[in-house]
Amino acid sequence: MEAFVGFITGLVVTALISGFLQDQSLPSSAKVMLVVIGLIVTFGSLFALQKAGFGYLTGWLFISWLMKDAFTPVDWILFIVLPAGLIIAKIIYFVRKNVY
């Protein structure tokens, strides 16, 4: 249930931020702050929640893909490449932990 609520919340927040970005009413400092907060939450959830962290990152990638048209190259790295790398690292860690 927690993952579902997080997914719906992500959709709502994504819609709001996308609207602000399209209207250009979101100052660049606020965008940077949202990126920093998002990265902190991503890393925190990845390390604190073993299984839910994976679900969170998967949802993050899905929502980021929906917003891809509003991304700059730096946004692509922060919102798509970095979380995808974290998911791959999490899978490798899980496989090594269970195999060895």
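**A nonpolar surface patch in a predicted helical model**

Leu66 is placed in helix α3, where helices are DSSP runs of H or I with at least four residues, strands are runs of E with at least two, and both are numbered from the N terminus. Because its relative accessibility is 49%, Leu66 counts as partly exposed, a class that lies between buried (under 20% relative accessible area) and exposed (over 50%), with a 1.4 Å probe and protein chains only. The model is predicted, so that local features need pLDDT of at least 70 and side-chain atom pairs count only at pLDDT 80 or more, whereas totals for chains, interfaces and linings use all residues. Residues are numbered from 1 along each chain as its sequence is written, and side-chain values use heavy atoms, with hydrogens and water left out.

Together with Ile8, Leu11, Val12, Leu16, Phe20 and Phe62, Leu66 forms a nonpolar patch on the surface with about 610 Å² of accessible area in total. Residues of such patches have over 30% relative accessible area and no salt bridge, and nonpolar side chains (Val, Leu, Ile, Met, Phe, Trp, Tyr) are joined within 5 Å, like charges within 9 Å; a salt bridge is a side-chain nitrogen of Lys or Arg within 4 Å of a carboxyl oxygen of Asp or Glu. Helices α1 (2-23) and α3 (50-66) each supply at least two residues of the patch, and α1 gives the most, with five.

The protein chain has four helices and zero strands, and buried residues make up 25% of its 100 residues. The chain exposes about 7000 Å², of which carbon and sulfur atoms supply 76%, areas being computed by the Shrake-Rupley method with a 1.4 Å probe and, for residues, with only the protein chains shown as cover.
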